[in-house]
Structure formats: structure tokens, C-alpha cells
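User: Hi, I'm new to this one. Can you walk me through it?

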Amino acid sequence: VSARSLEGKGPAAALRDTLRRDIANRPPGTPTPGLAIVHAGDDAGAAAYRRQLERQWLSIGGGLRVLNWPGDVPLALAEAALHDLSRDPAVHGVLVQQPLPPHLQAAELWRYLDPAKDAEGMHPVNLGRRWLGAHVPVPCTALAVSHLLVHHGIAIAGQHAVVVGRSSEVGKAIAHELLKADATVTVCHSRTADLAGLCRQADILVSAVGQAGLIGPAMVKPGAVVVDVATVAGPDGQLVGDVDPAVASVAGWLSPVPGGVGPLTVALLMNAVVYAARRGA
Ligand SMILES: NC(=O)c1ccc[n+]([C@@H]2O[C@H](COP(=O)([O-])OP(=O)(O)OC[C@H]3O[C@@H](n4cnc5c(N)ncnc54)[C@H](OP(=O)(O)O)[C@@H]3O)[C@@H](O)[C@H]2O)c1
């Protein structure tokens, strides 16, 4: 048996086409949606993601500003820049790329960004409002997981979803989206006892850790839906996920890496900025 592919390139391309049409056909006098990307330091993974995002965003006709800082950028300069972007009428969404250098990681930095321009849904105001059920920007990776499932016609309500990984940006955000979609959610992490036993109970297993081969075939219930969120450099430099390819012989569905969650994450970030521009952020 070989799992069906939860591929994300098709739905991502369809969403980009819709956004391209939205931008081209926007009402006269309304601004071009503007994205600002802020990054500091020289993380290779972040740079690759940024290049992909920039290329795709420009290809749909969006406006772009990139603030490219050295890793030792002064905190005051970063704060002032976010303050300016928040007031810039040509900017509707701001992506503050992770990882940030340690001296910028203070939650204080967020005080300078308008929550309405938080393209990723990671502003504490948006996190809090989402927790209370408000309609606010959602972390794009979490949204990508639920879109991928919905696109492929996979029912979420009433299913037991097991999420491996609990970072605020990824694991916890995914767990929250699945809970909102009426799954019963178990969250696992590095201190979980009997990870394999819990994973085997999952109807929907989502792995967001960053350890190639962590999820093996013996950890998957036959026929389960397996979503691999992780992106790790494999032994030959190629991109791989957490899930051992042999899982395809047990699972009913499996998302590829690359080509699964990743492309939809980028497309949904672009969607958030186009939507923010339409809303008048
Ligand atoms: N496809 C996309 O769009 C996308 C977007 C963002 C990130 N990612 C990828 O997703 C992965 C996770 O990213 P992240 O930012 O959440 O990473 P992170 O902050 O390092 O979090 C990793 C999580 O995995 C848990 N963990 C570590 N070892 C474990 C083990 N042996 N068993 C069970 N859980 C374990 C950690 O548990 P503790 O909390 O106990 O330490 C932590 O909660 C990375 O590969 C990243 O590149 C993909």
C-alpha cells in the first residue's frame, strides 16, 4: 500500500492565481498590497524562504520592501523601523523573519508593530485575540496544515489529531487550528512519555519537530493521515521532513517534503497581506 500524496503545490498555485487576479482587478484608487520583510543576521534557511517569498510575491504584482540588517543591528533601530512600517500607507503586512538574534527577541519589539499589519499572526495582541475566538491573522504554517487537509477532502471534526512539537509559532499554533476545526488534539514534545504509542492513536498525525526520521512506520496507525511540517537539510543537502519515507507504506495520506505544507505556507502569507490591504490595514 502506498499513501496518497497530500501535495501542496497545486492548491498554492491556485491561490496565487486568485491573488494575482485580485491585485490586477482591484478597484481604482485602492493601493497595491505592500509586504515588508524584516530580517537580521544570515540564517541560510531564512534566506532561502525569503527568496522564494520575494519571487512569488513580485510575480503576483505585490509591492515589496526588504529591510536587511546585520545580526548586531541595534534594538533601537529595529524598533524605530517597525514603528515606521506600521505607519507607512504602502505597507499592509510585515513579516519579521525568525530566527532573530537574541538581543531582538524581546517581546518588547512587538510593541512597535501595528497588529493589523502582522502578516504572520504572531503579534501578542493577535495571539490573545485568536485564543478568545476573534477573527485575526493566523500563523501561516498552521493555516497551511488545515488548508492542506481541507483541500484534499480530509475530515477534521471528531478526529484524533496528534501534533508533535509545541513551539508557539508552529506546534501550538497547529494544535489550536485543529482544535478550532473540532479535532480532539493531543500535543507531544521532547518530554512526552511513549511518543510512539500516542502517535499510533492518531487519525491525523502532524509532525513539526525538525528531526529527520523521527516518525517511523511503527508509529503510524494504518490508513492515518500524516502531515510532515518539518524542513531539515538531509545528508546530501536536500530538504527532508521528520517522517521516514517508509511511513508511506502504512499511512493513508502523507504530505511530501518539499512540496506539501511549505508552498501553502508561502501562499497563505501572501493571502494575508492582500486581505490586509483590502481591509485597509
Ligand atoms: N513547512 C513550513 O511552512 C514550516 C514553517 C515553519 C517551520 N517549519 C519547520 O518545522 C519544524 C519545527 O519548527 P519550530 O520552529 O517549531 O522548531 P522548534 O522551535 O525547535 O520546536 C521543535 C519542537 O519539537 C519538539 N521536539 C524536539 N525533539 C523531540 C522529540 N524527540 N520528540 C518529540 N518532540 C520533540 C520540541 O519539544 P520541547 O518543546 O520539549 O523542546 C519543540 O516543541 C522545523 O523543521 C522547521 O524548519 C516548517
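User: What stands opposite Gly-34 in strand 3?
Analyst: Gly-63 does. Helices (H or I, at least four residues) and strands (E, at least two) are DSSP runs, numbered from the N terminus. This is a predicted model, where local features need pLDDT of at least 70, side-chain atom pairs count only at pLDDT 80 or more, and totals for chains, interfaces and linings use all residues. Residues are numbered from 1 along each chain as its sequence is written, and side-chain values use heavy atoms, with hydrogens and water left out.

User: And how many bridges join strand 2 and strand 3?
Analyst: Seven, with strand 2 (residues 34-40) and strand 3 running in the parallel sense. Two strands count as paired if DSSP finds at least two bridges between them.

User: What's the strand order in that three-strand sheet?
Analyst: The order is 3-2-4, in an open sheet with parallel pairing. Strand 3 (63-69) and strand 4 (93-96) each have a single partner strand, so one side of each is left without a neighbour in the sheet.

User: Which strands does helix 3 lie across?
Analyst: Helix 3 (residues 75-87) lies across strand 2, strand 3 and strand 4, at about 170° to strand 3. Axes here are lines fitted to C-alpha atoms, for helices over the stretch in contact (heavy atoms within 4.5 Å). Angles run from 0 to 180 degrees between N-to-C directions.

User: New topic: which residues come nearest to the ligand?
Analyst: Of the 20 residues around it, Arg-166, Ser-167, Ser-190, Thr-231 and Thr-265 come nearest. A residue counts as near if one of its heavy atoms lies within 4 Å of the molecule.

User: How far is a ligand oxygen atom from an N or O atom in the side chain of Ser-167?
Analyst: 2.5 Å for Ser-167. For the side chain of Thr-231, an N or O atom is 2.8 Å from an oxygen atom of the ligand.

Definitions and conventions:
A polar contact is a pair of N or O atoms within 3.5 Å; within protein, one must be able to donate a hydrogen and the other to accept it, and residues adjacent in sequence count only if both atoms are side-chain atoms.
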